[in-house]
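This report takes up selected helices, strands and residues of one model in turn. Please keep the sequence and the structure in view while reading.

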Amino acid sequence: MDSQDIFGLLDKVRAEKPLIHHITNYVTVNDCANITICAGASPVMAHYPDDAEEMAAIAGALVLNIGTLSPELVDAMIIAGKRANETGVPVILDPVGAGATKIRTESTFKILKEVRISVIKGNAGEISVIAGTGGVVRGVDSGGISGEPLKAAEACSDLTGATVLMTGPTDIVTDGRRSYSVSNGHPMMGSLSGTGCMAASLCGSFAPVADDLLISSLAAAVTFGIAGEIAGSSCRGPYSFRTELFDTLFRMKRETIERYADFRTI
Ligand SMILES: Nc1ncnc2c1ncn2[C@@H]1O[C@H](COP(=O)(O)OP(=O)(O)O)[C@@H](O)[C@H]1O
Ligand SMILES: Cc1ncsc1CCOP(=O)(O)O
Ligand SMILES: [Mg+2]
């Protein structure tokens with residue numbers, strides 16, 4: 001299976017079942033664990049520093065999510081992130097609420113300073129705050145940005161050296177040189193807490209099975225967006241959507257991804 005073949009990466013995750021270590025928030029932790037399982041990977045949530053340091057070294061990827069941060073949790077993220085860097089484990093950062101409060105912004109930049117981040121997955125406001133191009137974050141939601149989304153995503157990638165997945169009605173994936181827009185998804189995804197966190201979990205699940213983090217992040221965004229589209233077409237509201245979202249991803253086949261994928265270079 002070609003690891004540059006975005007339509008085949010979901011099956012590669014299922015075949016290789018990578019261990020995806022999360023240090024994350026208590027709001028969406030269970031959904032992140034289960035979306036990881038639905039993609040075929042194996043989640044572990046471990047934040048006690050000694051546990052996190054050892055777990056990060058043997059993981060396929062490490063996902064850091066500051067949604068319900070504390071000083072101890074940020075310290076654990078840095079310990080685990082440094083260990084992941086030593087052992088070549090890709091680190092995905094979801095800077096939840098960066099820009100909404102001083103401590104979230106400061107903690108994001110502290111992690112970026114101490115840990116080599118492979119992929120940053122955030123909404124438009126969060127990514128724009130990191131890029132310094134101007135954005136508003138209200139709580140954990142994007143409240144709008146100044147200028148073009150692509151410019152903000154590219155600036156974030158240039159500043160941090162990370163591949164960036166900027167989520168929204170249209171997702172943008174960029175490494176600063178190559179950029180894609182992804183039109184897959186459904187408005188109901190914006191009405192369910194955790195879909196951004198779950199997108200980061202899927203970036204983590206796909207990262208170990210591809211040689212190129214831009215391709216793995218693109219595949220994660222497209223695959224998740226298609227699951228959202230199909231689930232959104234048959235749901236009655238956010239909670240029936242949530243059930244359909246998990247079950248659709250769990251059952252998803254290559255030919256469905258090939259049929260529904262809607263992305264282009266930009
Ligand atoms: N209006 C929308 N239409 C299609 N997809 C959406 C929409 N809003 C959010 N999404 C999808 O939902 C997920 C979460 O995106 P977003 O709401 O930007 O993140 P967060 O929840 O972190 O703020 C992403 O996969 C994104 O593509
Ligand atoms: C509501 C909330 N508060 C702290 S973390 C969290 C969940 C955020 O999830 P997402 O970023 O996927 O919307
Ligand atoms: Mg989010």
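## Terms and basis

A residue is called buried when its relative accessible area is under 20%, exposed when over 50%, and partly exposed in between, using a 1.4 Å probe and protein chains only. The model is a predicted one, in which local features need pLDDT of at least 70 and side-chain atom pairs count only at pLDDT 80 or more, whereas totals for chains, interfaces and linings use all residues. Residues are numbered from 1 along each chain as its sequence is written, chains are lettered from A and ligands numbered from 1 in the order in which they are written, and side-chain values use heavy atoms, with hydrogens and water left out.

## Thr-167 in strand E8

Thr-167 lies in strand E8, residues 163-167 (helices, H or I of at least four residues, and strands, E of at least two, are DSSP runs numbered from the N terminus). Because its relative accessible area is 19%, Thr-167 counts as buried. Leaving aside residues up to four places away in sequence, Thr-167 touches Lys-121, Gly-122, Asn-123 and Ala-124, where contact means heavy atoms within 4.5 Å.

## Helix H2 and its packing on H8

Helix H2 (residues 29-38) packs against helix H8 (residues 195-206) at an angle of about 40°, and their axes are 9 Å apart; the axes are lines fitted to C-alpha atoms over the stretch in contact, and angles run from 0 to 180 degrees between N-to-C directions. H2 and H8 are therefore oblique to each other, since angles under 35 degrees count as roughly parallel, over 145 as roughly antiparallel, 65 to 115 as roughly perpendicular and the rest as oblique. On the H2 side the contact is made by Asp-31, Cys-32, Ile-35 and Thr-36, and on the H8 side by Cys-197, Met-198, Ser-201, Leu-202 and Ser-205.

The buried residues of H2 are Asp-31, Cys-32, Ala-33, Ile-35, Thr-36 and Cys-38. Their cover includes helix H1 (9-16), strands E1 (19-23) and E2 (42-45), H8, and helices H9 (213-232) and H10 (238-251). After H2 comes Gly-40, which has a positive phi near 100°.

## Leu-245 in helix H10

Leu-245 belongs to helix H10 and is counted as buried because its relative accessibility is 0%. Among the residues that Leu-245 touches, not counting those up to four places away in sequence, are Leu-192, Met-198 and Phe-224. Leu-245 and Glu-229 are 16 residues apart in sequence, and their C-alpha atoms are 8.7 Å apart in space.
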